[in-house]
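Hi,

Here is the structure I promised to pass on. Have a look at it first, and then read my notes below.

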Amino acid sequence: MDLTFTETELAFRDELRAWFEANPPGEEPAGDDAHYAWARDWQRRLHEGGWAGVHWPTEYGGRGASLFETAIFFEELGRANAPLPANVLGLLLGGPTVMFWGTEAQKERYLMPILSAEEIWCQGFSEPDAGSDLAAVKTTAVKDGDEWVIHGQKVWTSGAQYSKWCMLVARTDQDVPKHKGLTYFLMDMEQPGVEVRPLVQITGEAEFNELFIDGARIPDENVVGGVGNGWKVALTTLMNERAGLAFFLQVRMRQQLDKLIDVAAENGALDDPRIADKLADLHVRCETLRLMAFKGLSTIEKYGQPGPEGSLAKWLWSESNQQLAQLGADIVGADALLDGTPWAYELLRARGNSIEGGTTEILKNIVAERVLALPRAK
Ligand SMILES: Cc1cc2nc3c(=O)[nH]c(=O)nc-3n(C[C@H](O)[C@H](O)[C@H](O)COP(=O)(O)OP(=O)(O)OC[C@H]3O[C@@H](n4cnc5c(N)ncnc54)[C@H](O)[C@@H]3O)c2cc1C
């Protein structure tokens, strides 16, 4: 694959850089609600500038950028030290899923408010007994006239406390094999049957929530991709999750590593060959991740969708980011253990990296079976 940018891609990058320079995201505020409001405002500004849905087709209000330009966008977003837009789940997962599976009426109704951050989306997949094994979902949807009545519990639902819409996977048929009895719904979060309880993480933030659903109602027209087809629709959402974030995450890791090298140079840690070796290893990992992200792009270009190799990149990223956070604490010393310092935050937040978006064990299974074609685990 040729990694040299074309004239058009360079012009795109320069225009974007100029925009970021003229529109800095501003100081990151403390506190969950203030942080969320800041990221939402940031998305509004991106939208006004025509940068919110870079990878979305122009017919849906996006910029219609090529895959390479999209990669450039996420690299530059990371480089500008800007946050991910508040509606990242809508932009990267929900929107593309509706574009692929949705009816014309659904596209018309849902896509624009995702872009403008007017309506925030969350992903209601995981349940207390259905995480890695999504097909084990127990939340039920029962038909009542031209509506569905929902009962069940979701968990780890990121951003649910700010969301208007939930991508909800629920069981609509108990009598067929478990993958076949699922349906994908768009559930309005603003109704009496939906209760959101924030869960406080080890970092002190409440990024995700428990979601108790007791008699919530969803009209027929909010089924996405057809009744009983929820497994396939959910896979579209999940594949977009791993492909979309790869570029942003590797750039963020590169920035953290550069900061850490500066700290190590300042406090003398770099003179210790064991530390220098570990930093060099992380440098190689960053470069490998960047190349893997581009390799993922060429797969999308060739086959029209992300391939299972994305799992390898996510596994390598989570392992490397956890090593980086630990090395950060080793280099910075006691300060990294004080509440509220950036290195303490990184150390604690990185624990979730090997769980969110698919656990490392599950990713290893995918790589073994679908990339290396090894026999399936019994
Ligand atoms: C920060 C964060 C944000 C999240 N946001 C969301 C969200 O917005 N929406 C949402 O729906 N979910 C979200 N999740 C949930 C996440 O998708 C699940 O935690 C994840 O899929 C694992 O499921 P689980 O926690 O039920 O663990 P389990 O599936 O119960 O797994 C427990 C352990 O068993 C291992 N294991 C399970 N099955 C196998 C197997 N077949 N082979 C080998 N090992 C196995 C796992 O690797 C893990 O170590 C989030 C999680 C985190 C950490």
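This is a predicted model: local features need pLDDT of at least 70, side-chain atom pairs count only at pLDDT 80 or more; totals for chains, interfaces and linings use all residues.

Let's begin with helix H2, which covers residues 32-48 and so is 17 residues in length by the DSSP runs. From its first C-alpha to its last it reaches 24 Å, close to the 24 Å expected at 1.5 Å a residue. Have a look at which of its residues are buried: Ala39, Trp42, Gln43, Leu46 and His47. Down the axis of H2, these buried residues fall within an arc of 140 degrees, so they line one face of the helix.

What do the buried residues of H2 pack against? Their partner is helix H5 (104-115). On the other side of H2 you'll see Asp33, Ala34 and Glu48, which are exposed. Just after H2 comes Gly50, with a positive phi of about 80 degrees.

Now for the ligand. It is surrounded by 19 residues, and the closest are Phe125, Gly131, Ser132, Thr359 and Glu361. By class, the shell has six nonpolar, 10 polar and three charged residues. Strand S1 (121-124) and helix H10 (360-371) each supply at least two residues of that shell.

And where does the ligand lie? Domain 2 (121-228) and domain 3 (232-371) both give residues to the shell, so the ligand lies between them.

Cheers

Technical notes: Residues are numbered from 1 along each chain as its sequence is written. Helices (H or I, at least four residues) and strands (E, at least two) are DSSP runs, numbered from the N terminus. The expected span of a helix is 1.5 Å times one less than its number of residues. A residue is buried if 20 or more other C-beta atoms lie within 10 Å of its own, exposed if 12 or fewer, and partly exposed in between; C-beta atoms are placed from the backbone. The arc is that of the directions from the helix axis to the C-beta atoms. Two residues are in contact if their C-beta atoms, placed from the backbone, lie within 7 Å. A residue is near a molecule or strand if its C-beta atom, placed from the backbone, lies within 6 Å of it. Ala, Val, Leu, Ile, Met, Phe, Trp, Tyr, Cys and Pro count as nonpolar, Asp, Glu, Lys and Arg as charged, and the others, Gly among them, as polar. Domain bounds come from an automatic or database domain assignment.
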